[in-house]
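This report is a guided reading for someone meeting the chain shown here for the first time. Please keep the structure in view while reading.

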Amino acid sequence: MSACCTPGRACTGASTALLPLPAVRRATARTTTATMAELPGGTFTMGDAFDEGYLADREGPVRDVTVAPFAIDTTAVSNAEWAAFADATGYRTDAERYGSSYVFHLLLHPEAAERHVLGRVPGAPWWLGVTGASWAAPEGPGSDVADRADHPVVHISYDDALAYCDWTGTRLPTEAEWEYAARGGLEGARYPWGDELTPGGREMCNTWLGRFPHRSERPGGRTGTVPVTAYAPNGYGLHNTSGNVWEWCADAFGTGERVIRGGSYLCHASYCNRYRVAARSHNTPDSSTGHGGFRRARDLTPATATAGKATA
């Protein structure tokens, strides 16, 4: 089930020879203008209280977990923020160094065509290994992010996310911190806003609508990312902790893999209901996909933490 959600670099011919890491221009470490929510921490109930998860994902048992005060981005890191980092440092992502990444088949740019497709993921043929796919060309050669500055950056590996965090003097959230923040103060709820997916018929997150993976029923057949603030924030001020893009966490998931949280625009109850707040998945640190991004965290002291307080 993990391959359908998050194909790893070893799935197809997308695992080409790694290009050398170029010299990275030194730049003064800096913070961004991104807003972070300062949270007091405390003890909360972590895990799947509804027994709806996949056994292999190990969402249970439900248990009390304590987190120290911390701050976390209210949104995923955007294309504009990543572009500023890349411009300042010359950093090249793993997707750029490997020369390929994974693209959802309906999103493949016409100019990429079949000649850029290295292969399809076994058991999940809707995922294509595409040469030239990267954060700056999310759908492969011919695509760009010129009109998506406020969308989450994608095709970001765990190692890439760490590099950005280092530049900004931050870190990735632990899995417990991520879930605590994503819950927005709602104890044991299924989603960041409550237990109903569409309360009163209102759409609350960017997940798949239609017959997966062949047809989107959104207007114009749209699929893919939406702006990082597209949906209402949860009780702690965080946007899009369900759907849109998977987000890397600091924790290991077994041997050689890292935890990802939140689901994406491809999640659907018919095959992958990982847009629930307790849901989790995993991938290798060098893997990247067209629905994988991240948000940052940093430590706080008890004296400076105020629940929901937003800081730049």
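The sections below go from the whole chain to single elements and then to individual residues.

## The chain as a whole

The model described here is a predicted one. Its secondary structure comes to 5 helices and 15 strands, and of the 312 residues in the chain, 56% count as buried. Among the contacts between residues at least 6 apart in sequence, 74% join residues that are at least 24 apart.

## Helix α4 and its surroundings

Helix α4 covers residues 158-168, and its buried residues are Tyr-158, Asp-160, Ala-161, Tyr-164, Cys-165, Trp-167 and Thr-168. An α-helix has 3.6 residues a turn, so residues three or four places apart point the same way. After the helix comes Gly-169, whose phi is positive, near 70°.

The axes of α2 and α4 come within 11 Å and cross at roughly 75°, which means that α2 is roughly perpendicular to α4. On the α2 side, Glu-81, Trp-82, Ala-84, Phe-85, Ala-88 and Thr-89 take part, and they meet Asp-160, Ala-163, Tyr-164 and Trp-167 of α4. By class, this contact of α2 with α4 has 7 nonpolar, 1 polar and 2 charged residues.

## A sheet of three strands

An open sheet is formed by 3 strands in the order β5-β7-β6, with antiparallel pairing. Its edge strands are β5 (100-104) and β6 (117-121), each of which pairs on one side only. Neighbouring strands of this sheet are turned by 30° against each other on average, with direction ignored.

Strands of a sheet pair through backbone hydrogen bonds, either parallel or antiparallel. Between β5 and β7 (residues 124-131) the antiparallel pairing runs over 5 bridges, and Ser-101 has Val-130 in β7 as its bridge partner.

## Thr-225 and the loop from β9 to β10

Thr-225 lies in the loop between β9 (215-216) and β10. With a relative accessible area of 14%, which is under the 20% limit, Thr-225 counts as buried. Its side chain makes a polar contact of 2.8 Å with the side chain of His-151. Leaving aside neighbours within four places in sequence, the residues in contact with Thr-225 are His-151, Pro-152, Val-154, Asn-206, Asn-244, Val-245 and Tyr-265.

Asn-244, one of these contact partners of Thr-225, also lies in the loop between β9 and β10. At 2% relative accessibility Asn-244 counts as buried, and its phi is near 70°, a positive value in a residue other than glycine.

## Further backbone features

Most residues other than glycine have a negative phi, and most peptide bonds are trans. His-155, in the loop between β7 and α4, has a positive phi near 60° although it is a residue other than glycine. Its relative accessible area is 0%, so His-155 is buried.

The bond from Gly-60 to Pro-61 is cis, with omega near 0°, and Pro-61 lies in the loop between β2 (42-46) and β3 (63-67). The bond from Phe-212 to Pro-213 is likewise cis, with omega near 0°, and Pro-213 is placed in the loop between β8 (210-211) and β9.

Notes:
Residues are numbered from 1 along each chain as its sequence is written. This is a predicted model: local features need pLDDT of at least 70, side-chain atom pairs count only at pLDDT 80 or more; totals for chains, interfaces and linings use all residues. Side-chain values use heavy atoms; hydrogens and water are left out. Buried means under 20% relative accessible area, exposed over 50%, partly exposed in between (1.4 Å probe, protein chains only). Helices (H or I, at least four residues) and strands (E, at least two) are DSSP runs, numbered from the N terminus. Two strands pair if DSSP finds at least two bridges between them. Axes are lines fitted to C-alpha atoms, for helices over the stretch in contact, and angles run from 0 to 180 degrees between N-to-C directions. A polar contact is a pair of N or O atoms within 3.5 Å; within protein, one must be able to donate a hydrogen and the other to accept it, and residues adjacent in sequence count only if both atoms are side-chain atoms. Contact means heavy atoms within 4.5 Å. Angles under 35 degrees count as roughly parallel, over 145 as roughly antiparallel, 65 to 115 as roughly perpendicular and the rest as oblique. Ala, Val, Leu, Ile, Met, Phe, Trp, Tyr, Cys and Pro count as nonpolar, Asp, Glu, Lys and Arg as charged, and the others, Gly among them, as polar.
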